[in-house]
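This report describes selected features of a protein structure. The sequence and model are shown first.

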Amino acid sequence: MNAKLARLGRLAPGVAGGFRHWARAGAAHCQRWPRWQAQQRQQQGWQRNYTTPTRMPGGGSSATRTCWRCQQETSQASVLCENTQCAAIQPVAAVAAYFDVLVGGPPTFDVDTAQLRRSFLRLQQAVHPDSFSQRAAAERQLADAQSAWINEAYATLRDPLARAHYLLRLRGRAVGEEATADAQTLAEAMAAREEIEAATTEAQAAELAQRIGEQVAAAEATLSRAFGGGDLDAAQRLTVRLQYLRRAAQALQSRW
């Protein structure tokens, strides 16, 4: 795989890195949501007694909950009790969204990925299970759940396709992995598949990689405008389009 990406990279600079990312991102986003729900259910015993929601998920949540240790109010978006004399690890938030915890603002398609990375590293350091290895079993369980949730949140928000799916789910407009694209996207996808099958040289593969990469970038830019303008119908269509483009990228990467 690395040799293939290196060949594409030599012929089309900048494309190999994008293809490596798309190949890894693939269908993973569709598997994250059920795991997150399972983690939430595991924490229900804590959340039922210690949550006082004041806003729905993904709105820059100002919800609070009662710390299980010191009984003081603390933000849903905080992984540790905000009472510095307590600082106990908290259950996975019942009403906070990924954006509340990792971004600190309302849901948006336009995420500063460098800042997201810094936030992720800071949070993981705070809740890493190794730091709780000598604590009570309940705290170790909370650390495991928080760490897993933060990993899932980061993996979702750093990837444009997974982020788009998550934004649509928050708004009750989820798009399935097998959703059918519009006629134009279907025609383009069929043509791309035929060109991938017909490619016999590295130069042809690199040209295809460059074209698909440009289409992906254009789809992401249009998605940003759709989400920014509140046009969820367009956002759904464009998410499906981006999904098809990712599949074309994966097909090319697997062949070359």
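The sections below cover the basis of the model, a cavity, a loop, a helix pair and a pocket.

## Basis

This is a predicted model, in which local features need pLDDT of at least 70, side-chain atom pairs count only at pLDDT 80 or more, and totals for chains, interfaces and linings use all residues. Residues are numbered from 1 along each chain as its sequence is written, and side-chain values use heavy atoms, with hydrogens and water left out.

## Cavity

One cavity of 30 Å³ or more is present, and the largest cavity has a volume of about 50 Å³. A cavity is a set of points on a 1 Å grid over the protein atoms alone where a 1.4 Å probe fits but cannot get out; lining residues have an atom within 4 Å of a point. Points are joined across faces, edges and corners, and a volume is the space filled by probe spheres set on them.

The residues lining the largest cavity include Arg65, Gln76, Ser78, Val79, Gln146 and Trp149. By class, this lining has seven nonpolar, three polar and one charged residues (Ala, Val, Leu, Ile, Met, Phe, Trp, Tyr, Cys and Pro count as nonpolar, Asp, Glu, Lys and Arg as charged, and the others, Gly among them, as polar).

## Loop residues

Gln76 lies in the loop between strand 3 (73-75) and helix 5 (98-103); helices (H or I, at least four residues) and strands (E, at least two) are DSSP runs, numbered from the N terminus. Gln76 has a relative accessible area of 1% and is therefore buried (under 20% relative accessible area, 1.4 Å probe, protein chains only). Its C-alpha atom is 7.1 Å from that of Val95, 19 residues apart along the chain.

Gln90 is in the loop between strand 3 and helix 5 and is buried, with a relative accessible area of 1%. Leaving aside neighbours within four places in sequence, Gln90 is in contact (heavy atoms within 4.5 Å) with residues including Arg65, Ser78, Val79 and Gln146.

## Helices 7 and 8

Helix 7 (residues 137-158) and helix 8 (residues 160-170) pack at an angle of about 105°, with their axes 5 Å apart. They are therefore roughly perpendicular (65 to 115 degrees). The axes are lines fitted to C-alpha atoms over the stretch in contact, with angles running from 0 to 180 degrees between N-to-C directions.

## Pocket

The second largest pocket holds about 160 Å³ of space; a pocket is an open set with protein on both sides within 12 Å along at least five of seven lines. Helix 9 (183-198), helix 10 (202-228) and helix 11 (232-255) each supply at least two lining residues, and helix 9 gives the most, with six.

Conventions. Buried means under 20% relative accessible area, exposed over 50%, partly exposed in between (1.4 Å probe, protein chains only). Angles under 35 degrees count as roughly parallel, over 145 as roughly antiparallel, 65 to 115 as roughly perpendicular and the rest as oblique.
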